[in-house]
Amino acid sequence: MTPTLSPTRLSASVEELKARRGPPPWHERIVANDRFTVTVICQEAGHRNDWHYHLVDECWYVYEGELSWTLEGRPEPIQARAGEWVLAPANTFHLIQVHGDGAAIRIAISYTDEPHRHDREDRPPAPPGAAP
């Protein structure tokens, strides 16, 4: 998928993406180069992703809605709302959940081509209800 922004298109708004993409779920890669990728992700309330980790840090900006991040080694999930940033340090299993009554939009900043990793010698147990 070709990123939204390029040398011939230098700006875009989340509101523009929402209007074009319609109701969740959807995601759109905004920028992708050999170092980092920026992806806008829109998901419905109740959505949760898989229990995974990356070899490098990953962070998100919450644009809209309510989300939580369950991170390996933390006793309680991190709750985040619009305007807040969250970091998952390298090699830390994490799970993201959408809360509230409506959709949530987050902007992910990740290392290009770094996949969701699920296996590790010392893998912690997944939170209840998490996808494997």
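This report walks through the fold, surface and cores of one predicted protein model.

## Overall fold

The chain holds 1 helix and 8 strands.

## Size and surface

The C-alpha trace spans about 45 × 35 × 20 Å along its principal axes. The radius of gyration is 15 Å, which agrees with a compact globule, because a globule of 132 residues would have a value near 14 Å.

Of the 132 residues, 36% are buried. The accessible surface is about 7,600 Å², and carbon and sulfur atoms account for 53% of that area. As for charge, there are 13 positive and 19 negative side chains, with the centres of the two sets 3 Å apart.

In soluble globular proteins, nonpolar side chains tend to be buried together. Here, the largest nonpolar core has 13 residues, and Trp60, Val62, Leu67, Trp69, Ala80, Val86 and Ile96 have the most contacts inside it. At least two residues of this core come from each of strand 3 (58-64), strand 4 (66-71), strand 6 (85-88), strand 7 (94-99) and strand 8 (104-111). Strand 4 gives the largest share, 3 residues. Another core lies apart from this one; its 9 residues include Val14, Leu17, Ile30 and Ile105.

## A look at Ile96

Which residues does Ile96 touch, leaving aside those up to four places away in sequence? They are His47, Arg48, Asn49, Trp60, Leu67, Ser68, Trp69 and Arg106.

Note on methods. Residues are numbered from 1 along each chain as its sequence is written. This is a predicted model: local features need pLDDT of at least 70, side-chain atom pairs count only at pLDDT 80 or more; totals for chains, interfaces and linings use all residues. Side-chain values use heavy atoms; hydrogens and water are left out. Helices (H or I, at least four residues) and strands (E, at least two) are DSSP runs, numbered from the N terminus. The radius of gyration is taken over C-alpha atoms; the globule rule is 2.2 Å times the number of residues to the power 0.38. Buried means under 20% relative accessible area, exposed over 50%, partly exposed in between (1.4 Å probe, protein chains only). Accessible areas come from the Shrake-Rupley method with a 1.4 Å probe; for residues, only the protein chains shown count as cover. Lys and Arg count as positive and Asp and Glu as negative; His and the chain ends are not counted. The place of a charge is taken as NZ of Lys, CZ of Arg, CG of Asp or CD of Glu. A nonpolar core is a set of buried Ala, Val, Leu, Ile, Met, Phe, Trp, Tyr and Cys residues joined through side-chain atoms within 4.5 Å. Contact means heavy atoms within 4.5 Å.
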